[in-house]
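Please read it alongside the sequence and the structure shown here.

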Amino acid sequence: TILFYSIWIAIDADWNPADRLVDAPWIFQFAEHLFCTFFSAEWVVRFAAYRQKRNTLYDAWFIFDTLLVGLMVAETWIMQ
């Protein structure tokens, strides 16, 4: 999925004429929402897999993914 998203970022940078997501053509909006939904769902599944949720505070990769997903959610769904 990360590979597809990397390719999509290149396509978006080259072909999307809009500066903001709400002004972009529907295909760019759809793809951004799709990727954001997928990465958020992946984060929820990883969080649910921990028996003790506080252990997420000690997993550096989980903290990194939390930061990335949080920034993506903020950019896609909150700042619009």
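## Contact of H2 with H3

Glu32, His33, Phe35, Cys36, Thr37, Phe39, Ser40, Trp43, Arg46 and Phe47 in H2 meet Trp61, Phe62, Asp65, Thr66, Val69, Met72, Val73, Thr76 and Trp77 in H3, where contact means heavy atoms within 4.5 Å. The residues of this contact divide into 11 nonpolar, 5 polar and 3 charged; Ala, Val, Leu, Ile, Met, Phe, Trp, Tyr, Cys and Pro count as nonpolar, Asp, Glu, Lys and Arg as charged, and the others, Gly among them, as polar.

The axes of H2 and H3 come within 10 Å and cross at roughly 145 degrees, the axes being lines fitted to C-alpha atoms, for helices over the stretch in contact, with angles that run from 0 to 180 degrees between N-to-C directions. The crossing of H2 and H3 is left-handed, a term used if the near helix is turned anticlockwise from the far one by less than a right angle.

## Basis of the model

The model is predicted, and local features need pLDDT of at least 70, side-chain atom pairs count only at pLDDT 80 or more, and totals for chains, interfaces and linings use all residues. Residues are numbered from 1 along each chain as its sequence is written, and side-chain values use heavy atoms, with hydrogens and water left out. Helices are DSSP runs (H or I, at least four residues), numbered from the N terminus.

## Contact of H1 with H2

Helix H1 (residues 2–15) packs against helix H2 (residues 26–49) at an angle of about 155 degrees, with their axes 11 Å apart. H1 and H2 are therefore roughly antiparallel to each other, a class that takes angles over 145 degrees. H1 passes H2 in a left-handed crossing.

From H1, Ile2, Phe4, Tyr5, Trp8, Ile11, Asp12 and Trp15 meet Ile27, Phe28, Ala31, Glu32, Phe35 and Phe39 in H2. By class, the contact of H1 with H2 has 11 nonpolar, no polar and 2 charged residues.

## Largest pocket

The largest pocket holds about 350 Å³ of space. A pocket is an open set of points on a 1 Å grid over the protein atoms alone, where a 1.4 Å probe fits, with protein on both sides within 12 Å along at least five of seven lines, and lining residues have an atom within 4 Å of a point.

H1, H2 and helix H3 (60–78) each supply at least two residues of the lining of the largest pocket, and H3 gives the largest share, 6 residues. Among the lining residues are Tyr5, Phe39, Trp43, Arg46, Asp65 and Met72, and the lining divides into 8 nonpolar, no polar and 4 charged residues.

Definitions and conventions: Angles under 35 degrees count as roughly parallel, over 145 as roughly antiparallel, 65 to 115 as roughly perpendicular and the rest as oblique. Grid points are joined across faces, edges and corners, and a volume is the space filled by probe spheres set on the points.
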